[in-house]
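Have the sequence and the 3D view handy as you read.

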Amino acid sequence: MGYIIISLFVLAALLFAISFFLKDPYKELREEIDQLTIQQIQDLYQIKKKLKVLEEELLVNDTPLEKQSSFNSGKIQIHDIIKNQVWSLAQQGMDINQIAKLSSLTNKEVQEIINEFVDKGQIV
């Protein structure tokens with residue numbers, strides 16, 4: 001019985017020593033995952049960098065849709081989309097004050113838009 005225990009200890013020590021010399025099967029997999037993670041981080045950094053540049057360009061070239069400056073007449077020129085919305089609300093019978101609140105325009109500007117459409121021959 002003593003020989004069996006001693007031989008088991010020797011076998012365990014031998015297997016333990018061999019395990020140090022065997023190739024780790026997961027080592028390559030871990031290295032690939034590390035490389036992919038590093039690549040992802042680099043790609044994400046590049047995308048964020050490009051996005052920041054695009055946002056800065058958009059902020060510099062930002063022109064509001066609702067109102068555009070007109071240097072010729074000294075007045076603020078109202079975009080056609082807003083004019084169409086004002087005209088549509090006026091056709092629905094909405095009050096000028098309500099239209100002005102909804103469109104963020106003054107009562108005078110709303111009245112001018114309505115007058116412009118009436119002058120074109122479109123009836124309220």
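Let's start with Ser 88, which is partly exposed: its relative accessible area is 31%, and that falls between the 20% limit for buried and the 50% limit for exposed. Keep in mind that this is a predicted model. Ser 88 sits in helix H3, which covers residues 80-91.

**The helix itself**
- Just past the end of H3, Gly 93 adopts a positive phi of about 90°.

**Its buried side**
- Ile 82, Lys 83, Val 86, Trp 87, Leu 89 and Ala 90 are the buried residues of H3.
- These residues cover an arc of only 160° around the axis, so they end up on the same side of H3.
- As a rule, an α-helix has 3.6 residues a turn, so residues three or four places apart point the same way.

**Its neighbour, H5**
- H3 packs with helix H5 (residues 107-119) at an angle of about 80°, and their axes are 10 Å apart.
- That angle lies in the 65 to 115 degree range, so the two helices are roughly perpendicular to each other.
- On the H3 side, the residues in contact are Lys 83, Asn 84, Val 86, Trp 87 and Ala 90; they meet Val 110, Ile 113, Ile 114, Glu 116, Phe 117 and Val 118 of H5.
- Sorted by class, this contact has 8 nonpolar, 1 polar and 2 charged residues.

**Back to Ser 88**
- Ser 88 and Ile 114 are 26 residues apart along the chain, and their C-alpha atoms are separated by 9.7 Å.

How values were computed. Residues are numbered from 1 along each chain as its sequence is written. This is a predicted model: local features need pLDDT of at least 70, side-chain atom pairs count only at pLDDT 80 or more; totals for chains, interfaces and linings use all residues. Side-chain values use heavy atoms; hydrogens and water are left out. Helices (H or I, at least four residues) and strands (E, at least two) are DSSP runs, numbered from the N terminus. Buried means under 20% relative accessible area, exposed over 50%, partly exposed in between (1.4 Å probe, protein chains only). Axes are lines fitted to C-alpha atoms, for helices over the stretch in contact, and angles run from 0 to 180 degrees between N-to-C directions. Angles under 35 degrees count as roughly parallel, over 145 as roughly antiparallel, 65 to 115 as roughly perpendicular and the rest as oblique. Contact means heavy atoms within 4.5 Å. Ala, Val, Leu, Ile, Met, Phe, Trp, Tyr, Cys and Pro count as nonpolar, Asp, Glu, Lys and Arg as charged, and the others, Gly among them, as polar. The arc is that of the directions from the helix axis to the C-beta atoms.
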